[in-house]
Amino acid sequence: MAEIEYNFKEIEKKWQKKWEENKSFLSKIDKSKKKFYLLEMFPYPSGKLHMGHVRNYTIGDLAARFARMKGMNVFHPMGWDSFGLPAENAAIQNNIPPRKWTEKNIDHMKKQFAMIGFSYDWTREITTYKENYYKWNQWMFLKMYEKGLAYKKMSSVNWCPQCNTVLANEQAENGICWRCESEVNRKELEQWFFKITDYAEDLLKGHEELGEGWPEQVITMQRNWIGKSTGLNINFKLESGEDFPIFTTRPDTVYGVTFMAIAPEHPFLERIKDPEVKRSIERFKKQSIADRTSEEKGKEGVDTGIKVINPFNGEKVPLYVGNFVLMDYGSGAIMSVPGHDTRDFAFARKYGLPVKIVIDDPKSPLDPDTMEDAYTADGICVNSEQFNGLSNREAIEKISDYAEEKEIGKREVNYRLRDWGISRQRYWGCPIPVIYCEKCGTVPVDEKDLPVILPTNVDFKGDSKSPLPHMKDFTETECPSCSGKARRETDTMDTFVDSSWYYAKFTSPHSDEIFDKEEVDYWMPVDQYIGGIEHACLHLLYARFFSMVMNDMGLLQNREPFTRLLTQGMVIKDGAKMSKSKGNVVDPDEIIQKYGADTVRLFMLFASPPRKDLDWSDKGVEGCFRFIGRVWRLVNKYAGLYDKDLKIEKSNPDTELHKVRIELHRTVKIVTKDIEERMQYNTAIARMMELTNVLYQIDEKILNSSEGKALISEVFSKLIPMLSPFIPHVSEEMWHILGHDEMLVNSGWPQYIDELTKREEIEIVFQVNGKIRSRARVSSDISKDEMEKMALENGRIIQSIGEKDIKKIIVVPGKLVNIVAK
RNA sequence: GCCCAGGUGGUGGAAUUUGGUAGACACAAGGGACUUAAAAUCCCUUGAGCUUUACGCUCGUGCGGGUUCAAGUCCCGCCCUGGGCACCA
């Protein structure tokens with residue numbers, strides 16, 4: 001018999017077409033079924049899918065196909081996060097309008113998606129650069145403006161000189177631009193903000209709900225980022241009697257204050273006249289974030305000559321300007337306790353300021369003149385008047401009580417989280433719907449005038465700046481309030497705004513409202529979200545914030561948008577993340593050409609569990625291709641024996657075939673559990689490989705018997721459906737070869753019979769003093785007594801015990817016997 | 001510096017849920033069958049070492065201790081790798 005070739009190109013095309021024709025992946029509300037909303041983070045259409053995308057979407061597709069077979073009403077949409085800087089850079093470099101460039105990329109990537117056979121409902125496609133999408137960005141902005149959640153303020157912001165735009169704090173961590181990795185400057189600019197800080201407590205509280213379904217790591221990262229701290233706001237005084245409030249988490253050290261420090265940006269400093277001091281302040285302001293936070297260059301400061309009075313002990317201490325003091329945390333000024341704070345200690349030593357001990361080490365008393373670092377551990381209060389002798393932990397509470405009683409301070413909570421700066425001085429983004437009128441000032445665009453359309457007839461001058469401010473057609477407008485001459489806002493929104501609510505828009509992308517109530521209430525929240533961990537404090541935080549705002553507005557029923565989150569690992573090659581700069585990129589197209597989509601998918605799932613990084617290996621891909629071939633040949637060889645209606649009544653437990661049957665049912669059980677509970681797809685595949693290996697061991701003659709036919713029928717009827725979420729195209733083809741008309745995408749997940757998952761014969765081991773001395777194959781229902789008897793009669797065991805006395809015998813049913821002998 | 005995750009064959013990774021046969025599955029390597037030959041395919045071997053080559057022994061899950069009849073798994077102390085946080089007062 002001539003072998004039928006595994007022609008993956010033909011097979012994959014054929015089934016992709018069939019799925020499309022049958023509208024296999026369209027989702028409709030069906031309240032009789034359990035809904036399952038599975039979402040992967042949508043891509044930025046950069047031009048081509050990379051392996052990271054392929055992995056992300058393959059994991060998602062497996063989960064979606066599995067859930068569908070399990071009988072759930074699956075919702076699995078896809079779209080494009082299509083505003084953003086790369087389109088503008090491409091426009092400048094290649095003279096293609098951003099919209100054209102983006103459209104072309106989406107076109108190409110959509111074809112790539114189709115080639116891999118992902119099961120998306122494309123009728124719900126979202127493209128964020130399109131008016132019908134960003135209109136609702138603008139609408140949300142107006143709603144948030146109304147509620148005071150969107151506001152404009154002048155502030156010192158992160159400026160990326162490479163991208164020519166402002167960045168949010170989350171996007172400029174450690175003073176480095178998240179996109180282009182250049183060093184970020186500080187700039188004073190008037191900017192739009194979303195008041196995410198109003199939700200700091202909600203965002204923290206929500207973590208409790210997410211504890212079940214989210215990785216601990218992501219929750220920890222967000223918690224750190226929000227950075228809640230409780231402390232005391234203390235009213236220090238100037239000699240003039242003016243208030244000088246500061247925030248501290250260490251009120252127990254308040255008697256050890258030897259100087260105060262204030263941020264260079266602080267408006268208080270406008271009163272400084274001394275030209276020398278003023279020069280220093282200006283210099284500090286201009287320092288880059290990297291300089292101001294660098295460990296080596298050290299803290300810098302200058303004495304203002306002003307004295308501040310400690311309300312606890314009346315001591316007068318000097319006020320320094322410190323380049324390390326942050327304007328937008330607390331009050332922008334701090335009390336400094338060199339004795340018990342490492343940073344203050346270094347500063348004090350540098351500028352010759354006194355060090356005072358107020359918490360002593362109970363083990364060895366501290367000497368402020370000779371100590372080499374601050375004492376930051378716990379201890380006993382000294383030099384602290386009536387608080388002397390208390391443990392510093394107690395003192396925190398007692399001093400706070402005292403401060404509140406005497407009205408010199410108040411307990412306060414502070415967050416590290418800052419408001420989300422959303423203005424971008426870029427063209428390719430969603431226009432901020434605001435108008436500036438000479439008479440009326442800042443006026444929001446009227447809701448009925450939405451959307452404010454981003455003009456597409458743009459001319460890039462090659463100076464890498466947004467063309468928007470020079471486009472009179474866009475900027476010149478009427479004031480919605482007085483109809484006078486007015487100018488439009490030319491900044492656009494951070495693209496993270498687009499992705500902060502897209503998951504909800506998928507439920508009803510064609511609605512005339514922001515959402516269709518029935519659709520959004522039925523499908524939301526996302527049951528399983530899949531994406532990279534790099535978004536822990538960016539997208540995932542913003543999306544939770546938006547979801548909460550929308551919940552407060554009555555638009556969403558849930559506060560949290562993503563019930564379960566899976567953060568998949570990176571794709572690594574030669575020890576590094578695949579990237580152009582490393583030159584270790586593998587193009588998915590090439591691999592699909594060579595081995596087919598099913599092989600690529602299988603490799604993505606087999607090489608590593610989803611959470612971990614995946615090491616790319618050409619040889620590993622070949623191995624996956626070989627496995628598909630093994631199953632393919634087996635099915636083709638025995639297709640003639642297959643009878644889909646043949647059922648095994650009762651198999652004879654003594655035959656080889658029955659053992660195979662048990663392996664089959666075990667496999668179904670294990671694979672189901674690996675996918676459903678453990679999300680460990682690599683071991684699920686390994687188990688199916690084992691079963692395939694077992695099938696290859698069976699004598700062909702035995703399979704030709706009537707029992708053999710029944711067995712092979714049962715095996716194929718379960719194995720092929722099980723393979724289908726992993727390698728959907730070839731599975732459909734094999735299913736068809738076996739004579740099924742129904743497609744696997746519409747079939748159920750195979751069942752197993754629990755009694756058939758127990759092996760009849762098992763191997764147990766006999767140990768003497770914990771060391772394995774012998775083994776035996778026994779019936780699985782062997783009793784403890786029998787096991788013990790067998791062990792004691794075993795020649796090798798008797799020999800090992802020798803002259804020693806048996807002290808104890810431990811029998812673990814079905815596993816082992818351990819004889820303790822001395 | 002602080003917090004988290006991890007360290008298992010030549011390689012990717014199993015086993016960690018519940019302490020109970022370490023190394024499933026795959027890759028690589030070696031051997032065999034088929035073939036004029038090669039490819040493909042199918043089968044076998046494969047942690048290290050030792051000897052009397054045996055259903056044999058010893059060692060072996062980063063290092064050092066400990067608990068236990070029994071430890072990759074639990075406890076204590078280190079080392080290393082990866083990730084996160086780091087002037088937040």
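In which loop is P451 found? P451 sits in the loop between β20 (441-444) and α12 (472-475). This residue is joined to L450 by a cis peptide bond, with omega about -5 degrees. Another cis peptide bond links M524 and P525, where omega is about 0 degrees. P525 belongs to the loop between α15 (517-523) and β24 (526-532). The model described here is predicted.

Now consider the whole chain. Chain A contains 26 helices and 32 strands. Its C-alpha trace spans about 105 × 85 × 50 Å along the principal axes. Of the 822 residues in chain A, 40% are buried. Among contacts with a separation of 6 or more, 71% are between residues 24 or more positions apart. The domain assignment divides chain A into domain 1 (136-195 + 419-495), domain 2 (228-415), domain 3 (588-757) and domain 4 (761-821). The centres of domain 3 and domain 4, taken over C-alpha atoms, are separated by 37 Å.

The largest nonpolar core has 158 residues, and L38, F545, L602 and I628 have the most contacts inside it. Helix α2 (residues 51-69) contributes the most to this core, with 10 residues. At least three residues of this core come from each of domain 1 (136-195 + 419-495) and domain 3 (588-757). A second, separate core has 42 residues, including F284, I357, V358 and I359.

Leaving aside neighbours within four places in sequence, I628 is in contact with Y6, D598, T599, L602, I727 and V730. The length of α19 can be checked: at 1.5 Å a residue, its 21 residues should span 30 Å, and its end C-alpha atoms are 31 Å apart, which agrees.

The C-alpha atoms of M221 and I533 are 9.9 Å apart, although 312 residues separate them along the chain. Not counting residues up to four places away in sequence, M221 touches A536 and C537. M221 has 16 other C-beta atoms within 10 Å, so it is partly exposed.

RNA strand B is surrounded by 63 residues, and the closest are S229, T248, K619, G623 and G770. By class, the surface near RNA strand B has 20 nonpolar, 24 polar and 19 charged residues.

Two backbone details remain. E385, which is not a glycine, has a positive phi of about 50 degrees. E385 lies in the loop between β15 (380-381) and α11 (392-405), and it counts as exposed because it has 9 C-beta neighbours inside 10 Å. N769, also not a glycine, has a positive phi of about 55 degrees. The place of N769 is the loop between β29 (761-768) and β30 (771-779). With 14 C-beta neighbours inside 10 Å, N769 counts as partly exposed.

Conventions:
Residues are numbered from 1 along each chain as its sequence is written. Chains are lettered from A and ligands numbered from 1 in the order in which they are written. This is a predicted model: local features need pLDDT of at least 70, side-chain atom pairs count only at pLDDT 80 or more; totals for chains, interfaces and linings use all residues. A nonpolar core is a set of buried Ala, Val, Leu, Ile, Met, Phe, Trp, Tyr and Cys residues joined through C-beta atoms within 7 Å. A residue is buried if 20 or more other C-beta atoms lie within 10 Å of its own, exposed if 12 or fewer, and partly exposed in between; C-beta atoms are placed from the backbone. Helices (H or I, at least four residues) and strands (E, at least two) are DSSP runs, numbered from the N terminus. Domain bounds come from an automatic or database domain assignment. Two residues are in contact if their C-beta atoms, placed from the backbone, lie within 7 Å. A residue is near a molecule or strand if its C-beta atom, placed from the backbone, lies within 6 Å of it. Ala, Val, Leu, Ile, Met, Phe, Trp, Tyr, Cys and Pro count as nonpolar, Asp, Glu, Lys and Arg as charged, and the others, Gly among them, as polar. The expected span of a helix is 1.5 Å times one less than its number of residues.
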